[in-house]
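Here are my notes on this one, in the order I'd go through them with the model open. Have a look and tell me where you'd read it another way.

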Amino acid sequence: MSKKKGIVFSGARPTGRQHLGNYLGAIQNYVALQKDYQCIYCIVDIHALTTMESTLELRQNSYEMALDWLAAGMDPQESVIFIQSHVPEVTELHTYLSMVTPLGKLTDLPTFKEKVRQHPDNVNYGLLGYPILMAADILLYRANYVPVGIDQAPHLEFARELVRSFNFRYNTNVLVEPHMKATKVPKVLGTDGQQKMSKSLNNHIELAATPEETTKRVMTMVTDPARQRRSDPGNPDVCNVFSFHKIFSSPEEIEMVNRECRVAGIGCVDCKKLLAQNINKHLEPFRARRIDLDQKPEAVMDVLHDGGKRARVLAEETMVLVRDAIGLPSTK
Ligand code: SF4
């Protein structure tokens, strides 16, 4: 494809407007990888169907997510950015891979058991086949690397095992074993200071929020619980506000908060105001780009359609080899 160091694939469910957790945990890394790798980034809308009750917001969510990705610097000139369902070959590969997957392997996966627990009224095949579809996403583009946090390593191992099973069964080497591109994914806690930042927990700060909305959210952040009054000294090491200062504030400001919090020299209100100001400053160029992009929704969709076409060319190349390796009759 290009002179870059290899192919990176990553997919994310269309969750609509992205938040700081998505940005710090994934999007920043996606942007950074583009320089050295041929990156393929996919909005995995078919995966979303497994647990979705209504699909009314699916298109809008995909669009909003693409807007955030592009505004954050994911570059369609450098990377292939597209929507999973625009490349139907992925479902074909999923079917072939399912033939080399023992059923027990799927039912034993802790993630399947967890999904059954979360959605007892909708235990569909899609939930069970989820890891195969995930593997198909990666293998279709013959990706060398998948940027994953350590918690997702078992999914990648599953994909690697599928490659070995498929290649062994059909005596081929057409499928490529992907490697983990371990990423230092910071655990970004939400405004509650307890749980991972997430839309469903409503403890998130949206990238596209206005400066006023952002400040309002930051002011609700839970601080060092031992600091009850303004005159109490605090401990920044146990305070989530300080964790964000370490990301968004200058070295001098971080040092000042670290010092002054411990001697009650700064109050939590001022500390949070400073943080909100710095987050807003950091996101200013992102927000300007996002507003600009949102003026031309058809151009954003063009990016996704063009990415889908490019992805489909790659997918079809793989599928020709896969069908041939299996021994399916040629279509020509
Ligand atoms: Fe947290 Fe800042 Fe309050 Fe210290 S002053 S407890 S770092 S919000």
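1. H10 passes H12 in a left-handed crossing (left-handed if the near helix is turned anticlockwise from the far one by less than a right angle, right-handed if clockwise). The axes of H10 (residues 240-248) and H12 (residues 268-294) come within 10 Å and cross at roughly 35°. Axes here are lines fitted to C-alpha atoms, for helices over the stretch in contact, with angles running from 0 to 180 degrees between N-to-C directions. Helices (H or I, at least four residues) and strands (E, at least two) are DSSP runs, numbered from the N terminus.

2. Before going on: this is a predicted model, where local features need pLDDT of at least 70, side-chain atom pairs count only at pLDDT 80 or more, and totals for chains, interfaces and linings use all residues. Residues are numbered from 1 along each chain as its sequence is written, and side-chain values use heavy atoms, with hydrogens and water left out.

3. On the H10 side, the contact (heavy atoms within 4.5 Å) is made by Val241, Phe244, His245 and Phe248. H12 answers with Cys271, Lys272, Leu274, Leu275, Asn278, Ile279 and His282. By class, the contact of H10 with H12 has seven nonpolar, three polar and one charged residues. For the classes, Ala, Val, Leu, Ile, Met, Phe, Trp, Tyr, Cys and Pro count as nonpolar, Asp, Glu, Lys and Arg as charged, and the others, Gly among them, as polar.

4. H12 also meets H9 (residues 211-219): their axes come within 9 Å and cross at roughly 145°. This crossing is right-handed. H9 brings Pro211, Thr214, Thr215, Val218 and Met219 to the contact, while the H12 residues include Lys272, Leu275, Ile279, Asn280 and Arg287. The classes in the contact of H9 with H12 come out as seven nonpolar, three polar and three charged.

5. Asn280 is worth a click. It sits in H12 and counts as buried at 11% relative accessibility (buried means under 20% relative accessible area, exposed over 50%, partly exposed in between, with a 1.4 Å probe and protein chains only). Leaving aside neighbours within four places in sequence, Asn280 is in contact with Pro211, Thr214, Thr215 and Arg287. Asn280 and Phe248 are 32 residues apart in sequence, yet 9.4 Å apart in space, C-alpha to C-alpha.

6. Which residues touch the most other members of the largest nonpolar core? Leu20, Trp69, Phe244 and Leu275 do, out of 48 residues. A nonpolar core is a set of buried Ala, Val, Leu, Ile, Met, Phe, Trp, Tyr and Cys residues joined through side-chain atoms within 4.5 Å. This core draws at least three residues from each of domain 1 and domain 2. Not counting residues up to four places away in sequence, Phe244 touches Leu20, Leu24, Val188, Leu189, Met197, Met221, Ser249 and Leu275. A second, separate core of 44 residues includes Ile7, Leu133, Ala159 and Phe166.

7. On the domains themselves, the assignment gives domain 1 (7-188 + 297-326) and domain 2 (211-291); such bounds come from an automatic or database domain assignment. Their centres, taken over C-alpha atoms, are separated by 35 Å. Eleven residues of domain 1 are in contact with nine residues of domain 2.

8. Most residues other than glycine have a negative phi. Arg142, though, has phi near 50°; it lies in the loop between H7 (125-140) and S4 (145-148) and is partly exposed at 29% relative accessible area. Asn202 has phi near 55°, in the loop between S5 (179-182) and H9, and is partly exposed at 47%.

9. Last, a contrast in burial. Leu128, in H7, is buried with a relative accessible area of 13%. Leaving aside neighbours within four places in sequence, Leu128 is in contact with Leu103, Leu106, Thr107 and Phe112. Ala226, in the loop between H9 and H10, counts as exposed at 57% relative accessibility. Ala226 and Val238 are twelve residues apart in sequence and 9.6 Å apart in space, C-alpha to C-alpha.
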